[in-house]
Amino acid sequence: MAKVKVKKQSTFIDMTAMSDVTVLLLTFFMLTSTFIAKEPIQVTTPGSVSEIKIPESNLITILVDKAGKIFLSLDYQQDQVLETLRAVGNDYGYTFTPKQEDTFKKLKSFGVPISYMGTFLDMTTENQDKYMQEAGNPRVGIPTDSVEVKDTQGAVISRDNEFIRWISHATRIRNESKAINPDLPELQLAIKADKETTYPVVKNVMDDLRSPGLRKNRYLLITNLKTASN
Amino acid sequence: MSEVQVKESGDGGKNKQKKQTLRVDFTPMVDMNMLLITFFMFCTTLLKPQTMNINMPTKDPVKDDTETNQVKNSGAITLLLGESNELFYYEGMPEDTKTGEKHYDDPDFLKPISYDTDGLREYLLKRNSGIYEQIQELKEQLQAQQIPDSIFRQKSKEIYDKAKENPRTPTVMIKPTDLSTYENLVDVLDEMLVTNIGAYAVIDLQEGDRYLLYKKTGNCEYLTEKQKNEGNGCK
């Protein structure tokens, strides 16, 4: 009887090359990427053909949601950011502990009245995120009213336009340090609003920026790149 | 590739030399890498968002009327941004200060136009022809890096300054109503960039514009409270 030899063939696939490729890809992604900054609200920016890139730092981003709530993101030297916090707090008679200031430094963006800032900074990151999602809460968003805002119990939430104070203190502190170090670039303002925001909401922000105390007439509108369609 | 030849030296010389292949299985490694790549792809932005520069007119009160009247009637284009992506425009002024001619009751004075390429863009290109081509040429030179940025700015300023002498050169006034969206505003500003309009500004709506819009669309929401109370059938 002739023996039928069954050849055993191994199905081992060599993955070394594959692994090489994936490691290369991984390296590429790790080096080129910048992480998406966590924002308290989701905003879909409108498209534009403008190809000017957003500056990487020395920028104040004003985030406007559909309902007109304002969030700020201060992106410049950390000591100056802290100084801004102290100055705004001082205007309203609030001081912050070193621990709270430390938390503030780590915040990417914020949007609470200064009266509530201390409590907000004491929260855990999870609770902060949760808090920001509370849509109907009058303590979410930086107040832009010039009148006293009270909550249901009658306690004063804010006294006057805190938004203008934040911007004016930020620019003042920058100008003061610019006097010492002239190489510092100007702080730029960028408005990031949802494309479905109604115009009066955006107009209020622009009007605040144009107000006599600020006189900010130049700013950037953050948009998405729209491919030119002919 | 992932095999390592291991030579086992027989001890005592009695054993046969055995060739053993040591294979490392890289499959789990690849799995893990793929997961990491997926993570990075989802969590990162490769494209930085774009921005658009905008200069708003100051809120300071205008010293005298000459400044506002500098916009020559013949070159003025007013864009009114209406509700649900409606767009209207008119040329000149609704009220001529010199002749006293009024256009408020002329139904064809305010014309509808679309945000599309064949609407607003085509119209502006037609109005801005001559200047558009010159600036476009400069822009192409800038993109091809034939001229530096400073020369581009200087030359385009020269073109715009020269164009100002022509009374037909368009000056666009963008007037968004309270019913328009932010996207509408950005779209219109975008068209200004595309069609190389030299002079444009975002201005507040005036009562005359509100009245024109109301006449055209019949929508009372365009009017101010005061206008609504003045009759007009809106209460």
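Chain A has 7 helices and 9 strands, taken as DSSP runs (H or I, at least four residues, for helices; E, at least two, for strands) numbered from the N terminus. This is a predicted model, where local features need pLDDT of at least 70, side-chain atom pairs count only at pLDDT 80 or more, and totals for chains, interfaces and linings use all residues. Residues are numbered from 1 along each chain as its sequence is written, while chains are lettered from A and ligands numbered from 1 in the order in which they are written.

On to the interface: 52 residues of chain A are in contact with 43 residues of chain B, a contact being two C-beta atoms, placed from the backbone, within 7 Å. H1(A) (16-32) gives the most to the side of chain A that touches chain B, with 11 residues. Other elements with at least two residues there include S8 (188-193), H7 (199-210) and S9 (218-225) of chain A. That side splits into 26 nonpolar, 17 polar and 9 charged residues (nonpolar: Ala, Val, Leu, Ile, Met, Phe, Trp, Tyr, Cys and Pro; charged: Asp, Glu, Lys and Arg; polar: the others, Gly among them).

Strands join in too: S3(A) pairs with S4(B) (residues 50-55) in the antiparallel sense over 2 bridges, pairing being called when DSSP finds at least two bridges between strands. Here Lys53(A) sits opposite Gln50(B) of S4(B).

Within chain A, 64% of the contacts with a separation of 6 or more link residues 24 or more positions apart. Of the 230 residues in chain A, 29% are buried, meaning 20 or more other C-beta atoms, placed from the backbone, lie within 10 Å of the residue's own.

Methods. Buried ≥ 20, exposed ≤ 12 C-beta atoms within 10 Å, placed from the backbone.
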